[in-house]
Structures are given as structure tokens and as C-alpha cells.
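Good morning, and thank you for the time on today's agenda.

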Amino acid sequence: MPTSWWIGFNALVLFLLALDLGVFNRKAHAVSVREALGWSAVWVSLAIGFGLWIGQTMGRQAMLEFYAGYLVEQALSVDNLFVFILIFGYFRVPQALQHRVLFWGILGALLMRGAMIGAGAVLLARFHWIIYLFGAFLTYTGFKMAFGGDSKIEPEQNPVIRLLRRFLPLTTKAHGDKFFVRETLEPGGPLRRVATPLFVVLALVETTDVVFAVDSIPAVFGVTRNPFLVYTSNVFAILGLRSLYFVLTNIIGTFHLLKYGLAVVLAFVGAKMLLGEIRPIGIGVSLGVVGGVLVGSVLLSLVIPPRKNGDSGD
């Protein structure tokens, strides 16, 4: 890809983020469902428009690969958002402040994922056999997601949080939307720059995203090997995470079978990578399978009621 494409795309992303935080969301506020749905429509429309531009400049195959990568990343991000909901609930973060945490968390995620995608592209170019390692890992992750049960949030066990508390002065007092403040840690002590509980939440959100990226980035490489398409599809999916998060907070529990749909998607992409040399699967088929599985799991969630605690399943 021309260097100008990379520079231009990142400039566009920075402009959109500046417009988002500096103009439309300058003040911390609780995001309504209507507002979240509106912003979700904006980010999805931008992704669709960018995909059409890809089709005009790189061809239909590249466009389908972009849409498939975007759909896979967006779908896998749903599981990530459920964890964010648990984190905010654990730390009792007011909804008006969640938007700010997610904004800076997503900005950090863009930087870290860019580095991970670059590393993954280099490894795949030099060591082709890694594609089979990715495939086996995704297949295993899919089965684990389907049958491994729900994981619990234990912030005290997070190594990053332990490092923060060991090397960074922390205050237990809430200071609104501030990540750092100056205060005394003991009566009569000197003023020091200390991190607030909101910064601890931000660090936990960032590290959680990295953990999920270990699954999602190889999955996108399973539908396209083009680093530019992997990166741009990831970025557009991440840009829409905040609005999608506030939609999910109001419908959490409705799509109880979506987890199994995500598991099938991971297993399918893993199998596609493992069988790529023997029986290649076209991008059109991949896009249809991923989209069909996700839509099917959502529709089944609406038709089949969730099992209540204590049901035997007989």
C-alpha cells in the first residue's frame, strides 16, 4: 500500500476522534440509548463508505475482505464490551464518566493494535507456518468460549493493576473525570501527583482489550492477509465500540446465545486458516458464514428464552 494511504487514513481517524471529543462530547454526560444508536449508525455508515472506496480503488475482492474483517472484529468486540460492563460495575463508575474512560481506552487500543497487526504481518510474511498456529489457537478459543463457562472479573489479580499500585501513588478518593490529581497521601504530607481510581479503571480496560486482541487480530488475518485491510477494519470496528457499549448496557442479557455464535465464528475462521492450502474457502463464502451465524444467533436468542438458574435442562 502507498505510504500516503496509511498517513491519510490515520489523519482521518485523528480528525474523527478530535471531532468526537472536542465538539460533540466535550462535556461528560450519560449517553442515552437514542444517542448511542445514532452514533452507532454514523460509525457503521463510515465503515460501509470506506469499504466502497476500497472497492473502487483496490477491487471487489479487497472490499469483501475489508467487510469480512470488519464484521469479524465488530462481532468479537461484543464479548469485550460485556467485560467492560462488569469492570465499570465493579468499580461503580458513574455512567457520565464511562464515556471518557472508553474514549481514552479506545485511543490506546488503536495504538496497541496497530503495533500488534504490524508484528503479525511481519511474522506471517517471514514464517508462513504461523498461520497454522493462529488457526489452531482460534479453533481452541472457539471451543473454550462455547463450553468453558463465564469468567469472573478479579481486578486485584490483574498484573498491571498490581504494578500500578506498586510503582505509582494512588488515591482511593474519586475526583470526577480526572485521571491524575495533586493531593497529600497522608496528613501534613507534601502535595504529590497521584493517580485516581478512574485511571486504574482505564488501565484495566486497556489491558483487557489487549487480551481480546490476541483472539480478534489473528481472526481478521484469517479472512485477509493484507495489513492495510486488517488495520482499517480493526480501526473502524474499534471506533464504534463506545456507542455500541451504551447500546449493550440497555439490552445486556437479551442476546444470550450470541456467545455461541461468536464461538462458531472463531472455530470457522480457525478451520479456514488450517485448511487454506488444502481446500481454500472464498471470501464471499466466509462473509456469508460469519454474517449468517451472527444473525442466526441473535434471532435464536429472541425466539428461545434464556435458561433460568436452577433449570435442569431436561
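On a 1 Å grid over the protein atoms alone, a cavity is a set of points where a 1.4 Å probe fits but cannot get out, and its lining residues have an atom within 4 Å of a point. Grid points are joined across faces, edges and corners, and a volume is the space filled by probe spheres set on the points. This is a predicted model, in which local features need pLDDT of at least 70 and side-chain atom pairs count only at pLDDT 80 or more, while totals for chains, interfaces and linings use all residues. Residues are numbered from 1 along each chain as its sequence is written, and side-chain values use heavy atoms, with hydrogens and water left out.

How many cavities of 30 Å³ or more are there? The count comes to two.

The largest cavity has a volume of about 90 Å³. It is lined by 11 residues, and the closest to its centre are Val 31, Trp 39, His 99, Arg 242 and Ser 243. Helices here are DSSP runs of H or I with at least four residues, numbered from the N terminus. Two elements, α2 (33-58) and α9 (241-251), each give two or more residues to this lining, and α2 gives the most, with four. By class, the lining has five nonpolar, three polar and three charged residues. Here Ala, Val, Leu, Ile, Met, Phe, Trp, Tyr, Cys and Pro count as nonpolar, Asp, Glu, Lys and Arg as charged, and the others, Gly among them, as polar.

The second largest cavity holds about 50 Å³ of space. Among the residues that line it are Phe 84, Leu 102, Val 205 and Asp 209. Helix α4 supplies the largest share of this lining, four residues. The lining divides into seven nonpolar, one polar and one charged residue.

I turn now to helix packing. Helix α5 (residues 130-147) and helix α10 (residues 258-274) pack at an angle of about 160 degrees, with their axes 7 Å apart. Axes are lines fitted to C-alpha atoms, for helices over the stretch in contact, and angles run from 0 to 180 degrees between N-to-C directions. The two helices are therefore roughly antiparallel to each other, a term for angles over 145 degrees. In the contact (heavy atoms within 4.5 Å), the α5 residues include Phe 134 and Leu 138, and the α10 residues include Leu 262 and Leu 266. The residues of this contact divide into 16 nonpolar, five polar and one charged.

Conventions: Angles under 35 degrees count as roughly parallel, over 145 as roughly antiparallel, 65 to 115 as roughly perpendicular and the rest as oblique. On a 1 Å grid over the protein atoms alone, a cavity is a set of points where a 1.4 Å probe fits but cannot get out, and a pocket is an open set with protein on both sides within 12 Å along at least five of seven lines; lining residues have an atom within 4 Å of a point.
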